[in-house]
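Please look through the structure below with the following paragraphs at hand.

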Amino acid sequence: MYMPFTEAIPSNDVVSLEDRPHQIGELAEKFGITLRTIRFYEERGLIAPRRISARTRLYDIDDVARLSLIVALRRYGVSVDAIADLLATRDTKGTDAFLPMLAAVLTTRLSEMATEITEARRLHAGLDAWIADLNIAS
């Protein structure tokens, strides 16, 4: 069963562009990321735009959808290595293998975030106490 990448991410994270080739600068602006970030994803093999010259890449609508998934996953703190594994699974084994793996990665990230929130609250309380001590001393 084929499913577009954009159906695997929250609708508020989907970037829609018309179905035509796009250049890297246009995508960087639309996604709010740097050219270097897009090039890094290409170097890692996460995206593979068509090259029309040594300096010009063209991204078709499938590349844009794939980049949309990558950007959304990075915003939620999923590692580039985990994203590479997800995309490799989707590319080689299809959607039926990809979706459960995506759910597992997101569940793990949610658990990590809960731990990070707990630690941030502890640090917040510590800073409050430190500031209170400094105010008393002055």
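A residue is called buried under 20% relative accessible area, exposed over 50%, and partly exposed in between, using a 1.4 Å probe and protein chains only. The model is predicted, so local features need pLDDT of at least 70 and side-chain atom pairs count only at pLDDT 80 or more, while totals for chains, interfaces and linings use all residues. Residues are numbered from 1 along each chain as its sequence is written, and side-chain values use heavy atoms, leaving out hydrogens and water.

Phenylalanine 40 is partly exposed, at 31% relative accessible area, whereas tyrosine 41 is buried at 6%. Rings of Phe, Tyr and Trp (its six-membered ring) pair if their centres lie within 6.5 Å; planes under 30 degrees apart count as stacked, over 60 as edge-to-face and the rest as tilted. By this rule there is one aromatic pair. Phenylalanine 40 and tyrosine 41 form that tilted pair, with 6.0 Å from centre to centre and 55° between the planes.

Helices (H or I, at least four residues) and strands (E, at least two) are DSSP runs numbered from the N terminus. Helix H3 covers residues 61-75. Of the 15 residues in H3, 11 are buried, including Val64, Leu67 and Ile70. Aspartate 60 caps the N-terminal end of H3, with a side-chain oxygen 3.0 Å from the backbone nitrogen of aspartate 62. After H3 comes glycine 77, whose phi is positive, near 90°.

Next come the charged pairs. A salt bridge is a side-chain nitrogen of Lys or Arg within 4 Å of a carboxyl oxygen of Asp or Glu. The structure holds nine salt bridges. In one of them, the side chains of glutamate 42 and arginine 57 meet at 2.4 Å, N to O. Glutamate 42 lies in helix H2 (residues 35-43) and arginine 57 in strand E2 (residues 57-58), so this pair ties together parts 15 residues apart in sequence. Glutamate 42 is buried at 17% relative accessibility, and arginine 57 is buried at 12%. Glu42, Arg51 and Arg57 are linked in a network of salt bridges.

Arginine 109 is buried at 13%. Its side chain forms a salt bridge with glutamate 112 (3.3 Å, N to O) and another with glutamate 116 (3.0 Å, N to O). Arginine 109 and glutamate 112 are three residues apart in helix H5, which means that about one helical turn separates them. Glutamate 112 is partly exposed at 38%, and glutamate 116 is partly exposed at 42%.

Methods: The expected span of a helix is 1.5 Å times one less than its number of residues. A polar contact is a pair of N or O atoms within 3.5 Å; within protein, one must be able to donate a hydrogen and the other to accept it, and residues adjacent in sequence count only if both atoms are side-chain atoms.
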